[in-house]
Amino acid sequence: MSATRQGLTHMGAYRQDGRFNVTACVDPDAGARDAFQRAWNIPQGYDDLDGAMRAEGSFDVVSLCSPSPLHAAHLRQIITHSPRAIFCEKPLTGDVDLSRQLIDACARRGILLCVNHLRRWDNVLADHIAELGRGERFGKIRSVTALYNKGLMNNGSHMADLLLWLFDDLVVVDAPFSTADYSVSDPTVSAILRSSDGTPIFLTPGNAGDFSVFELQFVCERGVVSFEDGCRKIRVRSCIPDPDFAGYTGLDGGETFQSGLNAALRNAVANIYDAVQGHGVLASTGESALRAEMLCRAIHLKNAENHRGSA
Ligand SMILES: NC(=O)c1ccc[n+]([C@@H]2O[C@H](COP(=O)([O-])OP(=O)(O)OC[C@H]3O[C@@H](n4cnc5c(N)ncnc54)[C@H](O)[C@@H]3O)[C@@H](O)[C@H]2O)c1
């Protein structure tokens with residue numbers, strides 16, 4: 001596996017960081033567990049979490065990468081053993097009440113809860129988001145189009161988290177359409193949102209059966225900034241006088257940069273290491289993930305309201 005691909009997994013990121021000693025893994029699927037242990041040279045493997053916790057005594061950090069519907073039960077189990085930090089895959093639980101309870105339980109035990117909203121650790125993306133927020137280069141954001149698929153809570157929670165990173169507060173104006181392109185219980189929902197300063201944001205669905213998509217386009221006063229290809233690429237177009245029509249302003253051909261997404265998971269585990277040592281704060285926490293889940297729930301509720309209205 002290439003070093004870049006390796007760094008895209010929790011395990012690869014721990015190894016690349018070099019300051020973590022991964023002593024055990026848990027997977028009830030014996031084949032998957034054995035393959036994982038062999039691939040990464042992990043000394044101990046267990047078929048259930050409690051067995052691992054009993055046998056190993058304690059862990060400083062637990063990575064939770066089980067299927068999303070199991071997160072809440074697994075978090076409850078992990079919390080009783082009080083590791084110093086939990087690195088949980090997104091969504092935290094997908095249920096805002098459960099997430100709230102588990103965040104509070106972590107806080108009571110002094111456990112750092114980190115949620116893998118990966119883009120929070122992309123330093124290049126972070127610079128562009130900060131710049132968009134300041135508005136120095138491109139001016140005011142006129143509108144945002146956010147394209148996603150594969151479930152509002154599943155992938156849309158990444159989008160909600162990214163939007164809440166830039167805009168402190170978002171109101172759901174409407175959520176007219178939904179399609180079960182991934183799961184009936186977690187449809188991909190279209191929505192119109194409004195920021196506290198009145199910026200319109202359009203959540204536009206694709207269908208996961210066609211291809212994966214996760215992109216944003218920020219139309220600003222003095223140009224257009226696009227995060228493309230899952231946010232791996234950042235495209236920036238600036239206003240120029242139209243070459244053909246006097247007095248009109250258009251956009252230049254633009255420039256495309258690589259973001260820092262490939263390094264994000266390595267940055268995440270480094271952030272966890274430092275936070276456990278008492279240096280710095282986590283870039284993505286239970287609280288920030290809960291805000292994303294709350295926004296997703298508000299969109300779901302608005303969509304359900306529309307459907308009730310049209311029944
Ligand atoms: N942050 C991201 O961008 C991103 C990307 C992909 C997946 N994810 C998240 O990662 C998680 C796992 O997704 P996946 O597609 O790898 O799922 P998956 O269904 O492939 O399961 C991952 C592993 O968990 C194991 N597992 C099943 N039950 C278990 C149990 N009771 N205890 C321990 N392990 C168990 C499975 O055997 C499998 O090896 C999900 O929460 C998903 O949302 C996040």
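A residue counts as buried if 20 or more other C-beta atoms lie within 10 Å of its own, as exposed if 12 or fewer do, and as partly exposed in between. This cut-off is applied below to a predicted model.

**Backbone features in loops**

Aspartate 229 has 17 C-beta neighbours inside 10 Å and therefore counts as partly exposed. Aspartate 229 belongs to the loop that joins β13 (223-228) and β14 (233-241). Serine 82, with 12 C-beta neighbours inside 10 Å, counts as exposed; its place is the loop between α5 (71-80) and β4. The table lists the phi angles of these two residues, each a positive value in a residue other than glycine.

| Residue | Phi |
|---|---|
| Serine 82 | near 45° |
| Aspartate 229 | near 55° |

A cis peptide bond runs from lysine 90 to proline 91, and its omega is near -15°. Proline 91 is found in the loop between β4 (85-88) and α6 (96-109).

According to the domain assignment, the protein chain has domain 1 (3-119 + 266-284) and domain 2 (121-260 + 293-310). The centres of domain 1 and domain 2, taken over C-alpha atoms, are separated by 29 Å. Domain 1 contributes 14 residues to the contact, and domain 2 contributes 14 residues.

Which helices each supply at least two residues of the side of domain 1 that touches domain 2? They are α6 and α9 (264-276). Of the elements on this side, α9 gives the most, with three residues. Sorted by class, the side of domain 1 that touches domain 2 comprises six nonpolar, six polar and two charged residues.

Notes. Residues are numbered from 1 along each chain as its sequence is written. This is a predicted model: local features need pLDDT of at least 70, side-chain atom pairs count only at pLDDT 80 or more; totals for chains, interfaces and linings use all residues. Helices (H or I, at least four residues) and strands (E, at least two) are DSSP runs, numbered from the N terminus. Domain bounds come from an automatic or database domain assignment. Two residues are in contact if their C-beta atoms, placed from the backbone, lie within 7 Å. Ala, Val, Leu, Ile, Met, Phe, Trp, Tyr, Cys and Pro count as nonpolar, Asp, Glu, Lys and Arg as charged, and the others, Gly among them, as polar.
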